[in-house]
Amino acid sequence: MNFQQAVNYVMQSKMAAFAFLPKKQEEIIKGCELFILTYCDMHEEEPDEYPEYNLQYLGGYYYDSSIEEGSYWPEEIPDEAKSLSYFKTFEKSIDPGNEIQITLKQLNGIPLEEARFDEDCEDCEKNILENGRLSLCEDCILKNN
Ligand SMILES: [Zn+2]
């Protein structure tokens, strides 16, 4: 979904959507930035005070506990965030205190208890950390068929 489609989705479903941007060090992906569009529950109680949605920003390196954090109201959302592709997520309770690979996995539907550990397969682990999306490697696809 593009940004506008993601906003429409979040407002209609009252759920969340996220975008992934890899963070590189010397051309190697070592972390990521996550933009999480979330429906703002407070909007219903106080529509004049709270907008319908907001955008949460998290950025960091994998397996590193220092995380950059930010939050934007609709009118403050940077153009960069509006140019990304968004994916639906059912995860709404993000703890910014977690290392960013844990949050990335949660956004992909992996429960927190499992997200704390690496995937069983190294290639599948690499896939999610580099592409931001849960996808099986070729070997695992073959094994599953
Ligand atoms: Zn695999």
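**Entry 1: the model.** I am working from a predicted model.

**Entry 2: the sheet.** I traced the strand order first. The sheet is open and has five strands, in the order β4-β3-β2-β1-β5. The pairing is antiparallel. I then looked for the edges. They are β4 (67–72) and β5 (87–89), each of which pairs on one side only. From one strand to the next, the twist averages 30°.

**Entry 3: the β1–β5 pairing.** I checked how β5 is held to β1. The two strands share three bridges, in the antiparallel sense. Ala-17 faces Lys-88 of β5.

**Entry 4: helix α4.** Is α4 buried or exposed? I went through residues 100–107. Eight of the eight are buried, so the helix is largely enclosed by the rest of the structure. α4 lies across β1, β2, β3, β4 and β5, and runs at about 50° to β2. After the helix comes Gly-109, with a positive phi near 90°.

**Entry 5: the core.** I looked up the largest nonpolar core. It has 22 residues. Val-10, Phe-18, Leu-34 and Leu-37 have the most contacts inside it. At least two residues each come from α1 (3–13), β1 (16–25), β2 (28–39), β3 (53–61) and α4. β2 gives the largest share, six residues.

**Entry 6: Leu-34.** Which residues does Leu-34 contact, leaving aside neighbours within four places in sequence? I found Phe-18, Phe-20 and Leu-58. I also found Ile-100, Thr-103, Leu-104 and Leu-107.

Technical notes. Residues numbered from 1 in each chain as written. Predicted model: local features only at pLDDT ≥ 70, side-chain atom pairs only at ≥ 80, totals over all residues. Buried ≥ 20, exposed ≤ 12 C-beta atoms within 10 Å, placed from the backbone. Helix = DSSP H or I, 4+ residues; strand = E, 2+ residues; numbered from the N terminus. Core = buried A, V, L, I, M, F, W, Y, C linked by C-beta atoms within 7 Å. Contact = placed C-beta atoms within 7 Å. Pairing = 2+ DSSP bridges. Axes fitted to C-alpha atoms, helices over the stretch in contact; angles between N-to-C directions.
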